[in-house]
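Please look over the sequence and the model shown here before reading on. The report that follows is meant to be read with both at hand.

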Amino acid sequence: MYNLRSLKLSNNNLGALDTAVLPSLALLYADQNALSTISGLEHCHKLEILSAREQMVSERDSDKYFGVDLGQVRDIRKVFLSSNKLSTQSVSPSAPLLSLQLLDIASCKLESLPVEFSLKFPNLKVLNLNFNALTGVTELAGMNCLSRLAVAGNRITRMRRLCQALSYIGRTSRNSACSLQKVDIRGNPLTVRFYPPPVTGSGKPTENKKLHGKEGDRERERPQAKATFDLPAALADMGQNPNEGIPHPALWGEIDGELEDMEMDADTDKDRDVEINDPYTLPTADTEADMKYVSHLDESTRLRRRIVELMIYAGTGGSVTHLDGLELRPMLEEGSDMNHAWTKLEKLGVLRKKAITD
């Protein structure tokens, strides 16, 4: 089938997949199979979207890695490999991917990134590293096009090191404008107690509450909760509309189920700022709930949170507009405790007058 452009094989039990005889393939979904690799990708010169999430392994094969050399498909634009135990080759391709704009490698048991990571993925715009075990993101320095970075649910503890790393992301030089606009560091040791808990109350269903009409129908149509606790799914379920389906994030580039024209200009491309209901990303936060929570925080924790916000804002030259699912600018205009944080940072020598002026 030499002219086949779109192939969706998700939710099967495939143990092997060879794409060598599909040279025109532009989109490939192979999620939730039992693959350890995908063969023949070097023959798919037109491949632009690849998704191979959640390859299932048995308990006796728990040490089994999923590996694919993305360097064989140099023109690929979007890659989704979340919830796999990735081999080193998967995050360190044989050749730089100059066209790749989105990389999703959340929940992949990553404890560190290769030193050459930014050289292999130099033009990434969106990077999802949620739910791994990373202690820092210094390997991302030099990614000059990055606009959205998600590292929620990792092991980041060092505030100053994080802010320093962010200051070298999204800009070609220290004096150039920064492209980094959205950062998510929720669920790290650094942000403990910064935000309201995702679950409140006893966690028990409200038995006495009777729902009628459409609201009741939607509630009854909800799938029953799984017996096992799935952290990414639980976090992503916050604020989810049960009446909506969950589209694959790769669908960002589709209209009426058909791929958009691959020759479309990059500036008008489909990587627009759209909130996608995806189990490996966190939803935007509730602004009102957050303001109420912050008003009751102890002074020390509130000050630490403000310092992190200010350090990230100053380190990126004010380019970050959203931090941890909240709009950052209103937080910077809240008043006295923010001024108190600035004063503290000045006394500690962390910030200078020039940084404030800039």
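The text below turns to the sheet, then to one glutamine and its surroundings, and lastly to the aromatic rings of this predicted model.

Ten strands make up an open sheet with mixed pairing, and their order across the sheet is E1-E2-E3-E4-E5-E6-E7-E8-E11-E12. Strand E1 (6–8) and strand E12 (326–327) stand at the edges with a single partner strand each, so one side of each is left without a neighbour in the sheet. Within this order, strand E8 (residues 182–184) and strand E11 (residues 322–323) run parallel and are joined by two bridges, and Lys182 stands opposite His322 in E11.

Gln55 is placed in the loop between strand E3 (49–51) and strand E4 (78–80). Its relative accessibility is 8%, and because buried means under 20%, Gln55 counts as buried. The side chain of Gln55 reaches the backbone nitrogen of Leu35 at 3.0 Å and the backbone nitrogen of Ala34 at 3.5 Å. Leaving aside residues up to four places away in sequence, Gln55 also touches others, including Asp31, Phe66, Ser83 and Asn84.

The count of aromatic pairs comes to two, and they are set out in this table.

| Pair | Distance between ring centres | Angle between planes | Arrangement |
|---|---|---|---|
| Phe117 and Phe121 | 4.8 Å | 45 degrees | tilted |
| Phe194 and Tyr195 | 6.2 Å | 75 degrees | edge-to-face |

Both Phe117 and Phe121 are buried, and both Phe194 and Tyr195 are buried as well. A charged residue also meets a ring: Lys85 lies over the face of Tyr65, at 4.7 Å from the ring centre.

Conventions. Residues numbered from 1 in each chain as written. Predicted model: local features only at pLDDT ≥ 70, side-chain atom pairs only at ≥ 80, totals over all residues. Heavy atoms only, no water. Helix = DSSP H or I, 4+ residues; strand = E, 2+ residues; numbered from the N terminus. Buried < 20%, exposed > 50% of the residue type's maximum accessible area, 1.4 Å probe, protein only. Polar contact = N/O pair within 3.5 Å; in protein donor to acceptor, adjacent residues only side chain to side chain. Contact = heavy atoms within 4.5 Å. Pairing = 2+ DSSP bridges. Phe/Tyr/Trp six-rings, centres within 6.5 Å; stacked < 30°, edge-to-face > 60°. Lys NZ or Arg CZ within 6 Å of the ring centre and 35° of its normal.
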